Amino acid sequence: MDPVDVNILGVQGVYILWVLTAVSMFFFVRRITKIIKILNRARPENRFDNFKERIVNFILYVLGQKKLFGERTIGLPHFLFFWGFVFYAGSFWWNLLRGLIPVLPIPYSDEVGIITFALEIMGVLVLLSIIVAVLRRIFFPPQHLQQSFDAVIILSLITILMVTLLLGQGYKGTIEASVWSPIGSIIASGLSVSENTAVDTFKAFWWIHIISVLFFLGYIPYSKHMHLLASPFNVLFRNNSQPADLTIKSNSEDIGSGASKWTEFTWKDLLNSFSCAECGRCDRACPAQNSGAVLAPRVILHKIKEQMYETGFNKNGNGIHEIFEDKISKEELWQCTTCMSCMQQCPVLNEHLPVIISMRRFLINQGEVEQTVQDVLQKITRYGNSFGQSDRNRPKWTAALEPKIKDARKEEVEYLWLTGDYAAFDSRLQSITQKTAYIFQKSGLDFGILYEAEKNSGNDVRRIGEEGLFEVLRDKNTQQIKKSKFKKIITTDPHTYNTLKNEYKLSDNGDDVSIRHYTEVIDELINEKKITFNNKLNIKATYHDPCYLGRYNGVYEPPRKILKSIGVTLVEMPRNRAKSYCCGAGGGRIWMEDKTPVKERPSESRIREAAALKDVSLMVVACPKDIVMFQDAVKTTGNEGKLEIKDISELVFESMK
Amino acid sequence: MNNSILILIEHLKDAIADISFEMLGIGRKIADSFNGSLHAVVLGKDINKFLPELGIADSIFVADDEKLEMASPETIADIIKSIIEIKGISITILGGTNTAAGVGPILSSKLKLPYLNFCKNIRVEGDNIIVTNQLFGGKILSDVKLDGMKGIISVNPGSFPSDAGKASKVVPVVEIDLSQIKIKNYFKKYIEPEAGDVDITKENVLVSVGRGIENADNLSLAEDLIGVLGGAISASRPVIDQGWLPLSRQVGKSGMTVKPKLYFALGISGAPEHVEGMKDSDCIVAINKDPAAPIFNVAHYGVCGDLLEIVPSLTEKLKAKKG
Amino acid sequence: MNFIVFLKMVPDVIEELKIADDGKQLDSDWIRMKLNECDENAVEEAIILKEKFGGKVTAVALDAPELDDALFNALAKGADKAVKIIGEWKDVHSPAIAEIFAKYLRDNNLIDNQTLILSGSQAIDDIEGELVYYLGELLNLPAFGVITHVDYDSGQNSVSLVKEFAGGLRGEFSSGLPAVLGIQASENPPRYIPIAKIRAIMKSAAIEEVVIPPDGLPAGTTIEKMFEPETTGKAEMLDGSTDEIIEKLIGIFSDKGII
């Protein structure tokens, strides 16, 4: 029963198949070629290192579909869509080959027992998944899920494919029963048709199926379903080090000047846009978007894709406008807090942040950033700190401490402690830094600081797009650090932690210098029994994972272990660990004016989340900027007296007294 | 040495500026300690009406000519130079204002005499005249001796009591001979400040904000406060420069001079240019994070604290008391 | 048009100002220099005028610590030339500085009838903005301080200027060229130049060095004594908890009849 052996309007089936295939392949290849040409015109980037890491990512996130399980309901269905697609695609090419070349001595895929079985079972599972997906889209669609025509087409297409296969098998089953065709047999038992009708109907379903696939094949590169082809490569070429390390490995000279149009991004930046399946997970997670701001990570990638489509297919690249003229507003770019929740959630591992930062680099190059940010950048340039105070004021927080903290510029120390700007200069935070010093001293830690020589680490400077200033700060700090003799580095601020760990090259021989957050050090000290707790606190509290400590660098356990040791019962917030919700200070936002009215600031949303926990009146943090942001939010949400914000050091200190 | 002192009288629009009386007062004091004479020079258009108020001087030099309205500092310097040469003046005192700006340096250059500005005190010590002037925005003071008791001094408004310079006595008037003076005038017209909604010089209560307010959003704290306290919001220069409030609200050297019953300074450091504009307020209360802020030298009451914390609570308490 | 901008490095008062042991000058160990803020505005105004009316901008300054950064910054903003004046003078004040600048201009024949000389209207060590007037007098040119707006009429070869007075009042003045302007605030706030651009300029451009001998400079006035003002403020400080402070404030307000 060769389905290709038909005669439609006097033409042999095989010829029709050839024509249809040619048409489909024509559209497919043409579009794919154009897309590849676009990628070629972008800036180069070396994403061909770390082979092992890339293969592991491919296995986990493409084959394993791991990120899809991050949201409820849709994980398993999409897993089945993926594997169903892989399997059916395989079966399709097999059948197409056989169909186009009848003389090939191979059977059709559904003439092989085990394959038939798999096709049928897969078909049922996929259909069930379709039902779940459709019900979800109609009755409980998550916010920002794009209900587009494309989505309707793909769901309909998949349904048609499964139904045509199963029904076809059903009609076939009325002619030849097979133990390998359980579903077909069930359907067959409900049919009563003549053999000729059965054969014709079977062949009809086969043709509908093949034509649907050929149509879909040609359609993929014109729709959001490009993600099927692009995302496996997107995952393969993603860097695990991004965005903790924003260095772009490229020999393009202009890379530091940022991007204002699609041609100025790297090919990997552009690949993000093609890989986007418009699921909206990034928008759902984005603190800017949730606070009512315009910024939506998905839209950023989409607008770049739009510009590519509008201007990328003509021969000459001239006359491409800056993307800020009509697609992406400068305002929305500055709304990003760089919390990386978007990247954390994205199932195709898109790298939204490097794209946003590239555009920020361009704007900074043009001097197009608000005055308050300019002022801070100038303060950092001149004084080495964002507070605009003389560098001589940096060590003032140590004045009252006895004994005097070692000067690591002159003496060898085991631990070199870099506090960061906020912990040293902000009058609200200095007492916390003093308590941290007390903890270190009481536990016999051999530590020292750089006194006036420490400069702003540059993490947020880089993330605001001032690459040149970042390099100056990094070089100056590195020079000073290399001159000192120490074994490990401690940081108070997770932002300092992030850039020192991932973006600074502190050793000449390529070995890693040990960078620890103070919570990691305190945890270690507790384990080594170097800290004695004279009173356990016996309270319930919740803990906020700072973005740059948790999501960026995976440090979740040490703070929790510390809290346990001091008798704090931890009640987790719904959004904890990798799902922790940003306080809103990152990406230079803490330097910006709160000009655009928002529904609810990210910090306020977080405070409400904490306040809603039963019997919890304390939120513990491990980042100086969190204290500042959350203490303000406690007031503006009217939670004064109901929720207190404390740093881990304060609690450990209390417990040690 | 002739022991005579010359004061350049300042007037803006239709009134003698207060600084003129300050200068006349200290000029009289210094002249008297040497048995010297005190002279005033008034230049401009329609200025004869000012003469009766200048009775504390021994004589007044006048040039009333419409070409002299807002005349260039070179011209004023030329006129003063001619008086100095005719009369043998030893010390010329000018106001440290934008109006008189330039006269001192140009005169100093022409006569090769020392020019000391931003002075807050002039005193006699034996045979010497010692001038105390402010450096670096008032952070440092220096005492300078006027060699040979000859020189040009410009006085920081608010340094001396203006009452000491007021007297209505009829005094000889000398017409200045302008025939040898090449009058240079580049002035075209005045640009009035935009009709501000509020005239802060007429308010009884001013809540004044400075850099410590941090950003425009926090202005609402001040607004809420005047909602219960009454009055209006004024500001120091940095706030006006940022565009958070219009020019009509500026207090200080380049802004208005105010004397309300209550001047509540929030986050204002107290730089001399600002203090000049509010030092005569009845009651000055200042909140500033910096215990060494110069504002505490001029305030009657001070709070070293965070205005962002204190002001909202103050407003709450005042609302409660009212309602 | 020919724009010449004079810049000055001044002590940064963010740092503590300490008086030297002899009580007559500042302790130089503690001083850090920075570009006078008003001069930054003067550079910006010159660049804006060049962008509007064409011409060339030259930034000139006396040698001082960290001056190079300020000059490269001016070049990065669009100045065409940067000049550093070197010489053996010490502690010069406005009259002497003006003399040096005037010598530089005269010796090099830099003033023509399309020249505008700009500088900051004031500096932390020149609060009254004398420099501009000394310059004008030495060069026999009209000088205008506290300028916030400059417009040029090429037909008349004249500039229209707005100067600030007290109380929000402003005055409009008009002058032919050449002239000396003391800029209080530029049309737009000084533009931000990213560090990358400054580093690039440091590689591609050079600062010209010119030597001016220190002869014939007017001597400054001799300072008898330098001292800090009494910090014992006359304010009665209110302390206690926030609530206590507020109660005291309310007490003061009601005593004065405000509430």
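The radius of gyration is taken over C-alpha atoms, and the globule rule used with it is 2.2 Å times the number of residues to the power 0.38. For the 323 residues of chain B, a compact globule would have a radius of gyration near 20 Å, and chain B, with 22 Å, agrees with this. The model is predicted: local features need pLDDT of at least 70 and side-chain atom pairs count only at pLDDT 80 or more, while totals for chains, interfaces and linings use all residues. Residues are numbered from 1 along each chain as its sequence is written, and chains are lettered from A and ligands numbered from 1 in the order in which they are written.

The C-alpha trace of chain B spans about 70 × 45 × 35 Å along its principal axes. Its secondary structure comes to seven helices and 17 strands, where helices (H or I, at least four residues) and strands (E, at least two) are DSSP runs numbered from the N terminus. Two residues are in contact if their C-beta atoms, placed from the backbone, lie within 7 Å. Among contacts in chain B between residues at least 6 apart in sequence, 65% join residues at least 24 apart.

Chain B is divided into domain 1 (4-175) and domain 2 (200-322), with bounds from an automatic or database domain assignment. The centres of these two domains of chain B, taken over C-alpha atoms, are separated by 32 Å. Seven residues from domain 1 of chain B and seven residues from domain 2 of chain B take part in their contact. On the domain 1 side these divide into one nonpolar, six polar and no charged; Ala, Val, Leu, Ile, Met, Phe, Trp, Tyr, Cys and Pro count as nonpolar, Asp, Glu, Lys and Arg as charged, and the others, Gly among them, as polar.

The contact between chains B and C takes 72 residues from chain B and 58 residues from chain C. The chain B side divides into 37 nonpolar, 23 polar and 12 charged residues. Strands of the two chains also pair, which requires at least two bridges found by DSSP between them. Strand S9 of chain B (140-145) is joined by four bridges to strand S12 (residues 223-227) of chain C, and the two run antiparallel. In this pair, B:Leu141 has C:Phe227 as its bridge partner.

An open sheet of 10 strands, with mixed pairing, has the order S12(B)-S9(C)-S8(C)-S7(C)-S10(C)-S6(C)-S1(C)-S4(C)-S5(C)-S11(C). Strand S12 (187-191) of chain B and strand S11 (208-211) of chain C stand at the edges, each with a single partner strand, so one side of each is left without a neighbour in the sheet. The twist averages 30 degrees from one strand to the next; axes are lines fitted to C-alpha atoms, for helices over the stretch in contact, and angles run from 0 to 180 degrees between N-to-C directions. Strand S5 (residues 81-86) of chain C is joined to S11(C) by four bridges, and the two run parallel. C:Val83 stands opposite C:Glu208 in S11(C). Helix H4 (residues 130-139) of chain C lies across strands S6 (115-120), S7 (143-153) and S10 (179-183) of chain C, at about 70 degrees to S7(C).
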